[in-house]
Amino acid sequence: MQHRFHVEGMTCGHCERAVVNAVRDVDANASVKVDLPTGEVLVDSEQARDALAQAIVEEGFQVAA
Ligand SMILES: [Cu+2]
């Protein structure tokens with residue numbers, strides 16, 4: 001299942017890695033694509049959208065609807 005998130009607050013490669021790692025903590029097999037300039041994060045995972053978003057928020061980023 002493909003989830004599309006708009007993540008605010010990512011400014012550099014470290015932020016990008018933090019988001020990817022947060023998603024992988026929820027689903028180690030998730031495919032994660034981050035577009036840093038737009039904040040668009042595409043996640044291919046069978047995990048619930050809310051669980052993935054929550055993990056990103058816990059890293060200190062905002063997830064828009
Ligand atoms: Cu950063």
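**The metal site and the fold around it**

Two cysteines hold the copper ion: Cys12 and Cys15 coordinate through their SG atoms, at 2.0 to 2.1 Å. Donors here are N, O and S atoms within 2.8 Å of the metal, or 3.2 Å for Na, K and Ca; water is not among the atoms, so sites may look incomplete. This is a predicted model, where local features need pLDDT of at least 70 and side-chain atom pairs count only at pLDDT 80 or more, while totals for chains, interfaces and linings use all residues. Residues are numbered from 1 along each chain as its sequence is written, and side-chain values use heavy atoms, with hydrogens and water left out.

Cysteine 15 is buried, because its value is 13%. The cut-offs are these: buried is under 20% relative accessible area, exposed is over 50%, and partly exposed lies in between (1.4 Å probe, protein chains only). A disulfide is a pair of cysteine sulfur atoms within 2.5 Å. By that rule the count is 0 disulfides.

Helices (H or I, at least four residues) and strands (E, at least two) are DSSP runs, numbered from the N terminus. Two strands pair if DSSP finds at least two bridges between them. On that basis, 4 strands form an open, antiparallel sheet in the order S2-S3-S1-S4. Its edges are strand S2 (31-35) and strand S4 (62-64), each pairing on one side only. Neighbouring strands are turned by 30 degrees against each other on average, direction ignored.

Take the pairings next. S1 and strand S3 (residues 40-44) run antiparallel and are joined by 5 bridges. Glutamine 2 has aspartate 44 as its bridge partner in S3. S2 and S3 also pair in the antiparallel sense, over 5 bridges. The hairpin of S2 and S3 has 4 residues between the strands, and its glycine 39 takes a positive phi near 80 degrees.

The helices come next. Helix H1 (residues 13-26) lies across S1, S2 and S3, at about 155 degrees to S2. Helix H2 (residues 49-58) packs on the sheet and touches S1, S3 and S4; its direction makes about 25 degrees with that of S1. Axes are lines fitted to C-alpha atoms, for helices over the stretch in contact, and angles run from 0 to 180 degrees between N-to-C directions. Contact means heavy atoms within 4.5 Å.

Asparagine 21 is found in H1 and is partly exposed, at 45% relative accessible area. Its C-alpha is 9.4 Å from that of valine 32, 11 residues apart along the chain. Aspartate 25 also belongs to H1. Aspartate 25 counts as exposed because its relative accessible area is 70%. Alanine 55 is 30 residues from aspartate 25 in sequence and 8.0 Å away in space, C-alpha to C-alpha. Glutamine 54 is in H2 and is partly exposed, at 41%. From glutamine 54 to aspartate 44 the separation is 10 residues in sequence and 16 Å in space, C-alpha to C-alpha.

Finally, what does the side chain of histidine 3 reach? It reaches the backbone oxygen of serine 45, at 3.3 Å. Histidine 3 lies in strand S1 (residues 2-8) and is buried because its relative accessibility is 4%. Beyond residues up to four places away in sequence, histidine 3 touches Val41, Leu42, Val43, Ser45, Gln47, Ala48, Arg49 and Leu52.

Serine 45 sits in the loop between S3 and H2. Serine 45 is buried too, at 3% relative accessibility. Its side chain makes a polar contact with the side chain of aspartate 27, at 2.6 Å. A polar contact is a pair of N or O atoms within 3.5 Å; within protein, one must be able to donate a hydrogen and the other to accept it, and residues adjacent in sequence count only if both atoms are side-chain atoms. Leaving aside neighbours within four places in sequence, serine 45 is in contact with Met1, His3, Asp27, Ala30 and Leu52.
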